[in-house]
Amino acid sequence: MDRWSGRLSSMEYPDYSAEIQAIRKGGITPELLNRIIRRHRGCREHMQQLYGRYRTEADKVPIFTREPRFKDDGEHQAENAINNRVNNDFFSEINDIKVGFCAGKPANYTYGDDYQAEEETGGEAALEEASKALSDFIKRNNMFDIDMEATKFAAICGYAGRLFYIDPKGHERVMITPPYETIILSETEMTEPEFGLRYYQYLDLNDQQTWKAEFYDESTVYYYEGQLDAFELVDSKPHLFDYCPLQGIPNNRELIGDAEKQLALIDDHDSNYSDNSNDIEGFANAYMVFKNCRINKDTMTRANATGVIGVDVDDPDSPYDVYYLTKNIQGDFVNSHLDRAQDNIYRFSKTPNLNDPEFAASSGIALRIKMTGLETKAGTFDAKRVSAATYMFELLASSFIKKGIPFDPLQCSVKFNHNFPVDFLGEAQAVQALIAAGLPKKIAFGALSMIDDVEAVMRLIETEKDDIPDLDEPDEDLSEKLLQEKHLEGPPPGEEIMDG
């Protein structure tokens, strides 16, 4: 695999406007399906290369395929040529930090609980039923895992696929589909698909590789089988939703992965780091020079084993010498270049270098400033995820309503929680200052990153107050008990009990 030399037009996601118009007029046909897949080929191969880098596959990381710098006779590789191929996996680190930051904490999916939600849903009982339906869906599908996988594929390849379906028990389910197997046809955003196509390879019972394809519209899924450019329709059935159940979750509008713009820097770092490793190994295995003397292979073998060399001098009257020829390595220059490449990789990918001592020592505002780039990148992705969630709620509503469950998708909301290192002491001091300045506690508590639901916290505070006796208003039962104990103990010494 060659080193990265830039994004080509063949790698771009195709414009399917013409295909969408054709499907609207005459429906999907094998010819149209084959055309859609054929036009997606360059984009698919590019995303497979990116995902292969993430998996560090031998033929996907350029440094792993590098040939030795020097050849023997111009054709054959020199025997025992030094050719270290060291992969510094910045690519995975950039993506993994994005995944941990954006999806490392579960998102909050909620159904409204105010009077407006109750009115729009159809009453208190309907509100509880709708809220339970959404909660069950989130738990049954482990949306924490779904969101993490979607974030991972989007960060690596530029977008992720998400497929909704009804399982044999009649439950709404969702799964992530790899982007290189997913095509979304939409004239707006891929978060709002008009049609969706999933195609993938599988091994049949005869151990033959073949292909399957599933095409989705607003009511039906069409099943195809065959080979690329030769798919044939084999079955179709309703998918039980009122919208296309296969949607895309883009990383950004350009559908570019987080580390894609830094691939040239990463390849340069790997190449120079490997060259440095070659120089070090070459220094350790320095060349031995024999001046004015002869030595055969057997003598050299014994010398390597014993450290003692016996030589035959060509001319006794001429001086002879045996010494090592080594290379003077300019370590400062090499290290400076590698450090600059590493800094640029983190800088241009907007990824904090977690191994930087300055990062570890930062807190409060300084830490926020260092995380600004990642926050900005994450904010772009969050906006796309909110759009995808809005479509998901509408899709689920179309299924819930068929079951008689009242459900208003506009009453659903999602909050994505960034996994940010928190300075709890600083936040607590800030809240105390806000309260001392006269702000309501409800607003002050909202400044705490550990609190997702301020209303719930306020209710807990009131509950705790109800459980603790108020010292300003003594409990009558407690006062009576104290008086009885005093009567039983009798009067203090020196006092007389007077007859009434």
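Where is the place of E124? E124 sits in helix α6, a helix being a DSSP run of H or I with at least four residues, numbered from the N terminus, as strands (E, at least two residues) also are. The model is predicted, so local features need pLDDT of at least 70 and side-chain atom pairs count only at pLDDT 80 or more, while totals for chains, interfaces and linings use all residues. Residues are numbered from 1 along each chain as its sequence is written, and side-chain values use heavy atoms, with hydrogens and water left out.

**Negative patch**

- E118, E119, E120, E124 and E128 form a negative surface patch.
- A patch is made of residues with over 30% relative accessible area and no salt bridge, where like charges are joined within 9 Å and nonpolar side chains (Val, Leu, Ile, Met, Phe, Trp, Tyr) within 5 Å.
- Asp and Glu count as negative and Lys and Arg as positive, while His and the chain ends are not counted.
- The place of a charge is taken as NZ of Lys, CZ of Arg, CG of Asp or CD of Glu.
- Helices α5 (115-121) and α6 (124-140) each supply at least two residues of this patch, and α5 gives the most, with three.
- E124 counts as exposed because its relative accessibility is 53%; exposed means over 50%, buried under 20%, and partly exposed in between (1.4 Å probe, protein chains only).
- Accessible areas come from the Shrake-Rupley method with a 1.4 Å probe, and for residues only the protein chains shown count as cover.

- The whole structure has 24 salt bridges, each a side-chain nitrogen of Lys or Arg within 4 Å of a carboxyl oxygen of Asp or Glu.
- R7 pairs with E12 in one of these salt bridges, with the closest N and O atoms 2.9 Å apart.
- R7 is partly exposed because its relative accessible area is 27%, and E12 is partly exposed because its value is 35%.
- R41 and E45 form a salt bridge at 3.1 Å, N to O.
- Both R41 and E45 belong to helix α3 (residues 41-54), where they are four residues apart, about one turn of the helix.
- E45 has a relative accessibility of 35%, so E45 counts as partly exposed.

**A salt bridge between distant parts**

- K377 and D258 form a salt bridge at 3.5 Å, N to O.
- This pair links distant parts of the chain, 119 residues apart: K377 is in helix α13 (residues 372-402), and D258 is in the loop between β11 (246-250) and α8 (263-284).
- K377 and D258 are both buried.

**A network**

- Salt bridges link R55, E57, D59 and K60 in a network.
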